[in-house]
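Hi everyone, thanks for making time for this. I'd like to walk you through one chain, with the picture up on the screen while I talk.

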Amino acid sequence: MRSPRRCSRNGCPRQAVATLTYVYNESTAVVGPLAAFAEPHTYDLCEPHARSLTAPRGWDVVRHEGAFEPPPPTTDDLVALAEAVREAARPVTPRPPADDQPSHQPPHTARRGHLRVIPPNH
């Protein structure tokens with residue numbers, strides 16, 4: 001699953017909810033709702049940075065007046081989440097321990113990455 005886009009300001013860990021675009025030939029900074037895709041010449045901003053942005057002297061700032069809200073999850077995000085849950089739920093058959101290596105896990109326990117699958121008690 002994709003992680004949410006973060007604010008472009010250095011050191012800011014907040015989720016982006018607005019996009020800043022500079023229109024150089026008109027000396028204007030435009031702050032609007034978060035663009036659908038990250039573009040190379042735009043900047044993603046969190047709400048505090050979007051609301052407090054100032055422009056150089058002689059420049060205008062055009063700012064979206066409505067609420068800045070994080071985008072809803074896309075279908076791709078939901079499908080990726082469902083696939084991750086399905087993958088984690090798949091049973092894994094434990095490998096028999098090598099004859100010269102003692103087993104460090106109970107016989108009916110399997111590992112998947114950082115997860116441990118434990119079957120229910122019978």
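Predicted model: local features only at pLDDT ≥ 70, side-chain atom pairs only at ≥ 80, totals over all residues.

Now the overall layout. The protein chain has two helices and six strands. Reading from the N terminus, the order of elements is β-β-β-α-β-α-β-β. The chain has 122 residues, and 19% of them are buried.

In which order do the four strands of the open sheet come? The order is S3-S1-S2-S4, and the pairing is mixed. At the edges we have S3 and strand S4, residues 60–63, each of which pairs on one side only. From one strand to the next, the twist averages 20°.

A quick reminder on pairing in general: strands of a sheet pair through backbone hydrogen bonds, and this can be parallel or antiparallel. Both senses turn up here. S1 and S2 are antiparallel, with six bridges between them. One of the bridge pairs puts threonine 19 with glycine 32 in S2. These two strands make a hairpin with four residues between them, and serine 27 in the turn has a positive phi of about 50°.

Strand S2, residues 28–33, and S4 run parallel and are joined by four bridges. If you want to find that pairing on the screen, look for threonine 28 opposite aspartate 60 in S4, and for valine 30 opposite valine 62 in S4.

Staying with the loops for a second, the one between S2 and S3 holds glutamate 39. Glutamate 39 has a relative accessible area of 45%, so it counts as partly exposed.

How many aromatic pairs does the structure hold? There are four. One of them is tyrosine 22 with tyrosine 24, a tilted pair with 5.8 Å centre to centre and 35° between the planes. Tyrosine 24 sits in the loop between S1 and S2. At a relative accessible area of 58%, tyrosine 24 is exposed.

Tyrosine 22 also pairs with tyrosine 43. Why is that pair called edge-to-face? The ring centres are 6.1 Å apart and the planes meet at 70°, and planes over 60 degrees apart count as edge-to-face. Tyrosine 22 belongs to strand S1, residues 18–23, while tyrosine 43 belongs to strand S3, residues 42–45, so the pair ties together parts that are 21 residues apart in sequence. Tyrosine 43 is partly exposed, at 38% relative accessibility.

Put together, Tyr22, Tyr24, Tyr43 and Trp59 make up one aromatic cluster. Within that group, tyrosine 24 and tryptophan 59 are 35 residues apart in sequence, yet 9.3 Å apart in space from C-alpha to C-alpha.

Finally, the interior. In soluble globular proteins, nonpolar side chains tend to be buried together. In this model the largest nonpolar core has 12 residues, including Val17, Leu20, Val31, Leu53 and Phe68. Which elements give two or more residues to this core? Those are S1 and S2.

The core also contains cysteines, namely Cys7, Cys12 and Cys46. Setting aside neighbours within four places in sequence, cysteine 12 is in contact with Cys7, Cys46 and His49.

That's my tour, so over to you for questions and comments.

Definitions and conventions: Residues numbered from 1 in each chain as written. Heavy atoms only, no water. Buried < 20%, exposed > 50% of the residue type's maximum accessible area, 1.4 Å probe, protein only. Phe/Tyr/Trp six-rings, centres within 6.5 Å; stacked < 30°, edge-to-face > 60°. Pairing = 2+ DSSP bridges. Axes fitted to C-alpha atoms, helices over the stretch in contact; angles between N-to-C directions. Core = buried A, V, L, I, M, F, W, Y, C linked by side-chain atoms within 4.5 Å. Contact = heavy atoms within 4.5 Å.
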